[in-house]
Amino acid sequence: MDKPYRVVAGIDFGTHGTGFAWAAVSEDNAGPGRRRISFFEDWAGQNIAYPKNRSAVLTDASGQFLAWGYDAVARIAAAPPGSGWRVRTGFKMALQAALRDLGTTAGGDAGVVISDGEPDAYRLTVMCLRQVVASARERITSGAYEDEDIRWCVTVPAIWEQATQDLMFKAAVEAGLPDDPDRLLLAQEPAVAALYCKAKGDGPLNTPGTRFLVVDAGGGTVDVSCYQVDDDGGLIERAPAVGTPTGSDFLNVAFLEEILTERFGAGTIGRILAERRGAVADTMNSWERAKRSFSADSADDVIIHLSGSFFAGLVKEQQTGRWTGTGEPATEVVISHAQVAALFDRHIDEIMKVVERQLAEMRAATRASGGETVLLVGGFAESPYLRARLARSLGDQDVRLVVPQSPAVAVLAGAVHYAYSEASGESEFVSWSAPFTVGIQAALPFRPGVDPESRKKENAAGEERCSGRFDVFFASRAAVAVGEPVRRIYRPMREEQSVITLDLLSTDQADVEYVSDPGVETLATLTVDLSASLHLPIAERRIEVAMYLDQTRIRVEARNPETDEPQSVNIEWQ
Amino acid sequence: MDTAGDDGPRLQLRVANNDGPAVSLEEWMSFITAELTRQQAVMQQLSIQLAELSHEVPVLRSALTESRLSAQTLRSASDELRRRMDALDQRLNKVLALIEENFGGGQTEQAMQHHDYVDEYVALVEQKVVGLALEILPDGTQATAREKAEFVAEVCAGLFGAPQVIDEQLIGLLPTAAPEEASQRMREICACARALRAKVTQGRPQRWEFGYEPAPVDSQWQEPWTGAARDGVVEFVVTPAYFVDTNTLLHKQKVFTSEAGSAPDTDPAED
């Protein structure tokens, strides 16, 4: 057997929770439909078994690691006075610059923070992932497997930028995963969720021609991607994934900032947040449970159970005359169905906008309308209210909503399926839709009457070139065959050049000519070493650049076509 | 070559040898003869060698054929070895997968369904049962923690502690003055509990744990009912713990604690 991997493992590193799962690579496991995937639920330091642990890190005053997961949230309650301990959450969202300003600092260590612009989100991500990786490695190798038998897959949101995905790869390596793109795969969350649903046989996902969307509603982001099943059952991505940072954790923030503050007053809630951090986290857990069961089917009030310490804090507020709430303290908060529904609706409206945008993209790309399927996955997909709202809105547009059996583990199990199919060289994806135009700044042959004279330059061979051209490798929204590179040959302009520096560019425009066109951005700088070719005549000092665009990464390779020797390429993301 | 006539002074035929100087014809002929003799000797030598080689060729040819056969045998042995290695690798993967399946300790997706059942259980108790308590207790949310806990405990015992869920028994827990709507809600609660009890019998063995010791709360698997005495001893179980397999805890038991003279948990917090 040629496959070097005997076991594949998936890690779903979520904004709210993180888990891992794995599957043995064997003949009996080859079919995705009957593949046995093992889930882990016995986290150290956690009395209650659960497939995901909390993506939380407890640090001391100097920022050093103390604990992680639910254990971290529980231990903050026992923090010595003045210790400066902090529970850090939401750091996954802070990895990407564009998402950093969305959060709130309310609650601080209450376990509900989406992002408070953590400057050290990367470091916290490494800390958290290191624990997950250690647990996964310990469990998988506790039997007969060796570490080198494992192929890993870590999932990332579809809306993450290239540089953030690269940062995630780096964080995963620093956390202990192999620094080898063949052994460590990154995969987009909705894409792997599609594999899970396909394996489950949910909906007509194995029927050629079927068009479907995957809505991955997690704690931080809601990602939407769209695919069409080709004649061989492979998946063609029809438009680049889109998303919105309106995951279910934002409902937690709204609950804390709006509902609890309204009930208890800003003064009381502020003091409880400052003095009883563990108590707030427990109360948020009660809200989390209530949120998951909130339904449109009944008009019953929603009951949030306060933790003992929270209730004691309210009583103390009253006894000391500082109570700023309405009525008397009680052991629970009762919220009207309408108020919770309004909270949900605000977020679901944003989700629907993104779903409809992606639906329109797919309809335009496939020139067909109606009869689509929407697969709803992710932790938020367990919400009966979200399901009902989406089903109603989509039904009006001739779209059917399907929720798989276990939507909360769809990404986790999908990551295992993805690693398995890639390990066996049987990718289920046929092509990706380029999310933007990608190319390289180059001096291309001068086109008289087309290129401006100001750009005309002569190279060492006396040829007229046009400087500052955007040499397009992948045009925005073009189908990019999985694993197929685009190749270009470049030569140095000057005799004495020992390196070729190439700017990797991107733009949203599909039609682009020059690097100075509006919207063109530099993604990275590639430096290709030519020193080994300096003995050759300049006309023979060529490099071939091969660029791959997969679902999560742009990969660039360079080689000398004369000698077939690979040239070292260094990429610095901007 | 110079040339000369026969009469007159005797002419001598001379030829130029290889080095240039002219030599007589006799000398030249003698040289040629010697050379021919040498060539003949060489030819004889070559002939002998050829005869020897002719003898060796069949041996070599045979050796070559043998080597070819050996190479073929080796290749086929190597192919066979590769096939056997692949087959062994597949069998090894199968064995490893079996070991993993039986001793790996991971849970299947089917087994994970219990987490969904726990969510249903918690939602039923925390939303519907407590909601009914707040509705039928005279002081609603302002009822004491004990009043709420006692009602929830009795309902949970009927829903999850009795051999069967009997609607009328549970409706009997409602105050006589309770509106008909409360009875209807209790019937809905009973229906939900019956459905849940049917589901939890699938897959991993499951149990609702009502047992307790009249001792301080064991935070490993219990937690106090909000508003009960802090640092007290367990007086009764409000909601049962949810266990699967031998002792895997999926939801903690909620207990009402009390201690003679102890105050409810309204003291300043610990932090």
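In the predicted model, helix α2(B) passes helix α5(B) in a left-handed crossing. Helix α2 covers residues 113-136 of chain B, and helix α5 covers residues 180-199 of chain B. The two axes lie 11 Å apart. The angle between them is about 165 degrees. Angles over 145 degrees count as roughly antiparallel, and α2(B) and α5(B) are therefore roughly antiparallel to each other.

The contact draws on residues from both helices. From α2(B) come B:Y117, B:E120, B:Y121, B:L124, B:K128, B:V129, B:L132, B:E135 and B:I136. They meet B:A182, B:R185, B:M186, B:I189, B:C192, B:A193, B:L196 and B:K199 of α5(B). By class, the residues of this contact divide into 12 nonpolar and five charged, with no polar residues.

Chain B as a whole holds five helices and eight strands. Along the sequence, these elements follow the pattern β-β-α-α-α-α-α-β-β-β-β-β-β. The chain is divided into domain 1 (22-85) and domain 2 (113-258). Taken over C-alpha atoms, the centres of domain 1 and domain 2 of chain B are separated by 101 Å. Chain B has 271 residues, of which 27% count as buried. Contacts in chain B were also sorted by sequence separation. Among those between residues at least 6 apart in sequence, 60% join residues at least 24 apart.

A helix pair in chain A was examined in the same terms. Helix α3 (residues 121-140) and helix α4 (residues 162-174) of chain A have axes that come within 8 Å. These axes cross at roughly 45 degrees. That angle makes α3(A) oblique to α4(A). The crossing of α3(A) past α4(A) is right-handed. On the α3(A) side, the contact is made by A:Y122, A:T125, A:V126 and A:L129. On the α4(A) side, A:L167, A:A171, A:A172 and A:E174 take part. The contact of α3(A) with α4(A) has six nonpolar residues, one polar and one charged.

Chain A also contains the glycine A:G218, in the loop between β10 (211-217) and β11 (222-229). Around A:G218, 28 other C-beta atoms lie within 10 Å. A residue counts as buried if 20 or more do so, and A:G218 is therefore buried. Leaving aside residues up to four places away in sequence, A:G218 touches A:G14, A:T15, A:G247, A:G378, A:G379 and A:F380. A:D249 is 31 residues from A:G218 in sequence. In space, the two are 8.2 Å apart, C-alpha to C-alpha.

The contact between the chains takes 55 residues from chain A and 48 residues from chain B. On the side of chain A that touches chain B, several elements give two or more residues. The strands are β2 (17-24), β3 (38-39), β13 (302-305) and β14 (332-335) of chain A. The helices are α7 (277-293) and α8 (308-319) of chain A. Helix α8(A) gives the most to this side, with seven residues. By class, the side of chain A that touches chain B has 26 nonpolar, 14 polar and 15 charged residues.

Key: Residues are numbered from 1 along each chain as its sequence is written. Chains are lettered from A and ligands numbered from 1 in the order in which they are written. This is a predicted model: local features need pLDDT of at least 70, side-chain atom pairs count only at pLDDT 80 or more; totals for chains, interfaces and linings use all residues. Axes are lines fitted to C-alpha atoms, for helices over the stretch in contact, and angles run from 0 to 180 degrees between N-to-C directions. Helices (H or I, at least four residues) and strands (E, at least two) are DSSP runs, numbered from the N terminus. Angles under 35 degrees count as roughly parallel, over 145 as roughly antiparallel, 65 to 115 as roughly perpendicular and the rest as oblique. A crossing is left-handed if the near helix is turned anticlockwise from the far one by less than a right angle, and right-handed if clockwise. Two residues are in contact if their C-beta atoms, placed from the backbone, lie within 7 Å. Ala, Val, Leu, Ile, Met, Phe, Trp, Tyr, Cys and Pro count as nonpolar, Asp, Glu, Lys and Arg as charged, and the others, Gly among them, as polar. Domain bounds come from an automatic or database domain assignment. A residue is buried if 20 or more other C-beta atoms lie within 10 Å of its own, exposed if 12 or fewer, and partly exposed in between; C-beta atoms are placed from the backbone.
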